[in-house]
Amino acid sequence: MKNSHELIPLKIIASGVALPENKVYSTDLDLRLNKPKGFVERHSGIEYRYHSDYQASQAKLAADALHNTLETHQISPDSIDLLISASAIPIQALPYSAAHILNESQLKAGTACFDINSSCVSFISALSAASGLLATRQYQRIAIVSAEMASRGIDWSHQESSLIFGDGAACMIVERGDGKSGIVTYKHETYPEGLELCEIRAGGTRKNLRAGMEDSDFLFQMQGKPLFKLTASLIEDFTARVLASANLAMSDIDTVIPHQASHLGLKHIRNRLNIRDERFVNIYRYRGNQVAASIPSALHEAMMTERYYGRDYVMLLGTAAGLSLSEMILIP
């Protein structure tokens, strides 16, 4: 290790994903939105994404990712002693989403569970929390599930944001491990001047039947240019401080797994942070922006394509509504 930081033990022992059956090609959206052929793919950078039908269950999608992980890696559901739901959009206001996922899952009744929500970077936050809980040895094996149905919140009248979202779920199962793998460094910062640049206003106490609400309050709203400008002003310095805290340079990072925000956002991040293309995991063209499920889905892809295990350093990075920035460097 190049850094003198004490490694926080964490081992990802299994991963899996789940996707809705409905594959939505950009050519389908050309027809739906009455656009010329090729318009949506050209503007979104997506060939296809997955959208759930309106009767589908987010909890079931999450449980499918969990079961895919357990079955693929032959892990007993009874061995999971904590379930964390790391998603941006809850299933409902109460009870919390993890309880719904537990109900749909093969995990035994009585399994501890709770939610972590830091929007698109919820999974990174959950990994950090899980490492701390594993360090106490109160839990031995934790399942982290991120499941999103972003298509439910699309405002089709807003061209900038309506074309980029996809649905999906991903799961990681983590243990403390033998101390040779874990978190080298982790940083999360929030800049509330970006609070209203990316939001869904309803769903809590701010916009509801008694406080007053409109239909648009339930849909995703984004001010793209101001959001991009604020993110661009922060990301380079933030990343430099993350790398410096571990005595590393970007050239030391073998694999970078970013939030799959948009094709332009990914290009900007890769160029501004000087990340070589072969080290940059990009699944956006076939998934779109899956909100909090984006980073663990890309991490799963890295594992399946031999870009995680056996590497020296792997970086997870993302920006999120808030405006939040989050980065973590792992030794697999």
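The structure is a predicted model, in which local features need pLDDT of at least 70, side-chain atom pairs count only at pLDDT 80 or more, and totals for chains, interfaces and linings use all residues. Residues are numbered from 1 along each chain as its sequence is written, and side-chain values use heavy atoms, with hydrogens and water left out.

A disulfide is a covalent bond between the sulfur atoms of two cysteines; here the term is applied to a pair of cysteine sulfur atoms within 2.5 Å. Zero disulfides turn up in a search of the whole structure. For Cys-171, the closest cysteine sulfur belongs to Cys-113 and is 14 Å away, which is too far for a bond. Cys-198 is likewise in no disulfide, and the nearest cysteine sulfur, in Cys-120, is 6.4 Å away. Burial is judged by relative accessible area (buried under 20%, exposed over 50%, partly exposed in between; 1.4 Å probe, protein chains only). Cys-171 counts as buried because its relative accessibility is 0%, and Cys-198 counts as buried at 14%.

Cys-120 deserves a look of its own. This residue lies in the loop between β6 (112–116) and α5 (122–135), where helices (H or I, at least four residues) and strands (E, at least two) are DSSP runs numbered from the N terminus. With 12% relative accessibility, Cys-120 is buried. Leaving aside residues up to four places away in sequence, Cys-120 touches Ala-88, His-259, Val-291, Ala-292, Ile-295, Thr-319 and Ala-320, contact meaning heavy atoms within 4.5 Å. Cys-120 and Gly-322 are 202 residues apart in sequence, yet their C-alpha atoms are 9.9 Å apart in space.

Beyond four places in sequence, the contacts of Thr-319 include Cys-120, Thr-231, His-259 and Leu-325.

Turning to the helices, α3 (residues 58–72) and α4 (residues 97–104) pack at an angle of about 60°, with their axes 8 Å apart. Axes are lines fitted to C-alpha atoms, for helices over the stretch in contact, and angles run from 0 to 180 degrees between N-to-C directions. The angle makes α3 oblique to α4 (under 35 degrees is roughly parallel, over 145 roughly antiparallel, 65 to 115 roughly perpendicular and the rest oblique). In this packing, Ala-59, Lys-60, Ala-62, Ala-63 and His-67 of α3 meet His-100, Ile-101 and Glu-104 of α4.
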